[in-house]
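Have the model open beside you as you read.

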Amino acid sequence: MQWIESVCNKFSKYLGIFIAFLLIIMMINVAFDALNRYLMNSNSVALQEMEWHLFSVIILLGLSYTLSEEGHVRVDILYTNFSAKKKAIINMVGVITFVLPLSLLVAFGSLGFVEEAYIFMEQSGDPGGLPYRFIIKGLIPTAFFILIFMSAGYFARNYNHLKRLNSRPES
């Protein structure tokens with residue numbers, strides 16, 4: 001379990017760097033689009049679509065990063081007062097009960113959606129829009145498979161933490 005935790009932590013670090021890089025690109029894109037629209041009185045459908053494509057990638061990949069950084073939503077009003085052992089158990093049960101089933105459902109459920117987009121070489125319906133929309137749609141199952149991988153690391157982290165807590169002598 002230590003190995004799984006270590007690999008997932010390392011992957012999470014690089015995923016966070018990648019997301020931060022995408023955020024910078026998105027901010028530059030939005031700024032350029034706004035300046036282009038209001039100063040040059042020009043509009044670019046491709047730039048606007050790139051904004052929501054980048055936003056989609058950031059959100060989809062951010063799910064996994066947020067889980068690994070403990071930034072996900074919980075009922076913190078209760079959780080904060082729990083012991084470390086209880087927190088680890090709740091986290092592990094949460095992964096098995098909620099994260100994994102939902103992630104598996106979305107990951108496998110979206111494969112047909114992506115396949116159809118790829119077969120038809122789906123692209124933007126707007127003139128001047130971006131081609132290859134199937135690529136962004138392909139990120140849906142990919143992101144949830146990554147979330148499955150990262151939830152295994154999150155489970156391992158909590159399991160290892162619980163093991164360390166249980167091996168301590170009672171004082």
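Begin at His72, which counts as partly exposed because its relative accessibility is 23% (buried is under 20% relative accessible area, exposed over 50%, and partly exposed in between, with a 1.4 Å probe and protein chains only). This is a predicted model, in which local features need pLDDT of at least 70 and side-chain atom pairs pLDDT 80 or more, while totals for chains, interfaces and linings use all residues. Residues are numbered from 1 along each chain as its sequence is written, and side-chain values use heavy atoms, without hydrogens and water.

His72 sits in the loop between helix H2 (45-68) and helix H3 (76-79); helices here are DSSP runs of H or I with at least four residues, numbered from the N terminus. Beyond its neighbours within four places in sequence, His72 contacts Thr66, Leu67 and Tyr154, where contact means heavy atoms within 4.5 Å.

Now turn to the largest nonpolar core, which has 22 residues, with Val57 and Leu61 making the most contacts inside it. Such a core is a set of buried Ala, Val, Leu, Ile, Met, Phe, Trp, Tyr and Cys residues joined through side-chain atoms within 4.5 Å. Helix H1 (2-39), H2, helix H4 (84-109) and helix H6 (133-167) each supply at least two of its residues, and H6 gives the most, with nine. Not counting residues up to four places away in sequence, Leu61 touches Leu15, Phe18, Ile19, Leu139 and Ile146.
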